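Dear colleague,

Please find below the sequence and structure that I am handing over to you. My notes on what was found follow directly after.

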Amino acid sequence: MISPIYSPAPDRYENGMKYRRCGRSGILLPEISLGFWHNFGDVDTLARSQAIAHYAFDHGITHFDLANNYGPSYGSAEETFGVLMKKSFAPYRNELFISTKAGYDMWPGPYGNWGSRKYLMSSLDQSLRRMNLDYVDVFYTHRYDPDTPLEETLQALVDIVRAGKALYVGISRYPKEAAKTAYRYLEERDVHCLLYQGKYNLLNREPEEEGILRQAQKNGTGFIAFSPLAQGLLTSRYLDGQIPADSRMARETSLKESALTPTLLSRLKELNKLAARRGQTLAEMALAWVLRDEQVCSVIVGASSVEQLADNLKALANTRFTDEELKEIDRR
Ligand SMILES: NC(=O)c1ccc[n+]([C@@H]2O[C@H](COP(=O)([O-])OP(=O)(O)OC[C@H]3O[C@@H](n4cnc5c(N)ncnc54)[C@H](OP(=O)(O)O)[C@@H]3O)[C@@H](O)[C@H]2O)c1
């Protein structure tokens, strides 16, 4: 049963959440944002999704990250958000920063995938209807489409902003060369690229190694990290080598059992020891590690319970690392 009346915590901005400036822009984002990829679909209970979203907003998480195909089923995370918007968050729309995306398969046929103008425009219209919103704060192209002229995709973003359907735009998982073109194209049309969304965590350093972080910083674009807990691997979930029945790995959707190799498991155990010495859980340390980098403006976490989100928020108490700790992490 969804609770009928929601009154957000009056002290929601005094609970320890910090906000970082998003590149060269007027926008501040919470250091921890909430993602709707899993746990908000029509396979999940509305009551639990609602409890997580309320807890987030009550603790200063003003940014919710969605995409057209989040669920399952496709579109259902946006529908869940639409219900929450209507029942809970409508009076607080101006306190919220909502993103959605299009780029992966969404509907059958040739116009429901990738990066054409037709797909992006119609997808955003559908997303707005599902989410009960007049506009999103950020609209992303969810991935680079090698077969569509990049100018077509980017011009759709420009026109979406001009039409007032998104306040800002972003790119997600773009290779460096395509990102360079995107930054320039958008800038020349006075539509600054607010955000680059990329996978960044202790186990995946690509944004550092490939220069994506530095490139975004040079362009005044905020870098926002997704899957900062490597979908749960960087938590206590799998540390004993077992796969809990209610875990993402047990559901075998986006996190496969094959990811938990003996080598990884022993690395996770070592990292967990270091986290304990810092007085943190592995999840807290993993989030703190991404946030140690001032170039990152926020980490988007997923959570299947309020308890997990509460644990994750504790990371904010200590995001500093000694050189020795950083070296130890790199050796692992
Ligand atoms: N742009 C893109 O292409 C892209 C791709 C992926 C994700 N994203 C965005 O990033 C968001 C986050 O991604 P993600 O869900 O992979 O993030 P994540 O934070 O790396 O993983 C979240 C999962 O880890 C487990 N977990 C979280 N906190 C925990 C804790 N304190 N203790 C134990 N387990 C914990 C939960 O899994 P269990 O179910 O096992 O409890 C949770 O669902 C998504 O929702 C989406 O908004 C974007």
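Ser-236 sits in the loop between E9 and helix H8 (248-251). Its C-alpha atom is 6.4 Å from that of Leu-282, although 46 residues separate the two along the chain.

Please note that the model is predicted, that local features need pLDDT of at least 70 and side-chain atom pairs pLDDT 80 or more, and that totals for chains, interfaces and linings use all residues. Residues are numbered from 1 along each chain as its sequence is written, and side-chain values use heavy atoms, with hydrogens and water left out.

Turning to the overall fold, the protein has 12 helices and 10 strands (DSSP runs numbered from the N terminus, helices being H or I of at least four residues and strands E of at least two). The radius of gyration is 19 Å, which agrees with the value near 20 Å that a compact globule of 332 residues would have (taken over C-alpha atoms; the rule is 2.2 Å times the number of residues to the power 0.38). Of the 332 residues, 57% count as buried. Among contacts between residues at least 6 apart in sequence, 76% join residues at least 24 apart (a contact means heavy atoms within 4.5 Å).

The aromatic residues deserve a separate paragraph. A search of the whole structure finds 16 aromatic pairs (rings of Phe, Tyr and Trp, the last by its six-membered ring, with centres within 6.5 Å; planes under 30 degrees apart are stacked, over 60 edge-to-face and the rest tilted). In one of them, the rings of Phe-36 and Phe-81 have centres 5.9 Å apart and planes at 75°, so the pair is edge-to-face. Phe-36 lies in the loop between strand E3 (32-35) and helix H1 (46-58), and Phe-81 lies 45 residues away in helix H2 (residues 76-89). Both residues, Phe-36 and Phe-81, are buried.

Tyr-200 and Phe-223 also form an edge-to-face pair, at 6.0 Å centre to centre and 90° between the planes. This pair joins the loop between strand E8 (193-199) and helix H6 (206-209) to strand E9 (residues 222-226), across 23 residues. Tyr-200 and Phe-223 are both buried.

Yours sincerely

Definitions and conventions: Buried means under 20% relative accessible area, exposed over 50%, partly exposed in between (1.4 Å probe, protein chains only).
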